[in-house]
Amino acid sequence: MRKITPFLLISCICFFGCGDDDNSASFVGTWVADNITVSDCSEPARNRSDALDCDDVSCFKLVLNGDKTYTFQRGLPVESGNWDAGDFLNLCMDSEGEIICERFAAQFSGISMILTADSTSSGCVTSYIFNLQAPDTSQ
């Protein structure tokens, strides 16, 4: 019986302690950014907050699909790749055979999502405020 006890203990810890923290359903949808804020820069003159307009070419639009693929438009060309969400939203794309990932902290408020990234190269924190775009039901 002593050999079974450690096995049962480990099994119980994994069963009760290893829950599914995947909240990816919250992320799925078409998100359009209407504001970008750059703050906490080492050079204060670089801090700014800008309203963003969305037209056919220059639009900050992030489409997160249920199959964990994404497209991100911030002008042309449109980027695409795979995403995953846990403690952070990770967007990964293949760039000439090299996988490049960006990691964002995400906060939700109603139909808004704020994605925040720290940039070690600029010494700034960049936040994008996205709003969930309503699906087109006219078709």
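Are Phe60 and Phe72 buried or exposed? Phe60 is buried, and Phe72 is buried too; buried stands for under 20% relative accessible area, exposed for over 50% and partly exposed for what lies in between, with a 1.4 Å probe and protein chains only. The model is predicted, with local features needing pLDDT of at least 70 and side-chain atom pairs counting only at pLDDT 80 or more, while totals for chains, interfaces and linings use all residues. Residues are numbered from 1 along each chain as its sequence is written, and side-chain values use heavy atoms, without hydrogens and water.

The structure contains seven aromatic pairs. Rings of Phe, Tyr and Trp (its six-membered ring) pair if their centres lie within 6.5 Å; planes under 30 degrees apart are stacked, over 60 edge-to-face and the rest tilted. Two of the pairs are tabulated here.

| Pair | Centre distance | Plane angle | Class |
|---|---|---|---|
| Phe60 and Phe72 | 6.1 Å | 80° | edge-to-face |
| Tyr128 and Phe130 | 6.2 Å | 45° | tilted |

Phe60 belongs to strand β3 (residues 60–64) and Phe72 to strand β4 (residues 69–74), so this pair, twelve residues apart, links distant parts of the chain. Strands (E, at least two residues) are DSSP runs, numbered from the N terminus.

Tyr128 counts as buried because its relative accessibility is 13%; for Phe130 the value is 1%, so Phe130 also counts as buried. Ring pairs join Phe60, Phe72, Phe104, Tyr128 and Phe130 into a cluster.

Charges also sit over rings, meaning that NZ of Lys or CZ of Arg is within 6 Å of the ring centre and within 35 degrees of the ring normal. The charged end of Lys68 is over the ring of Trp83, 4.8 Å from its centre. Arg103 lies over the face of Phe88, 3.9 Å from the ring centre.

Conventions. Helix = DSSP H or I, 4+ residues; strand = E, 2+ residues; numbered from the N terminus.
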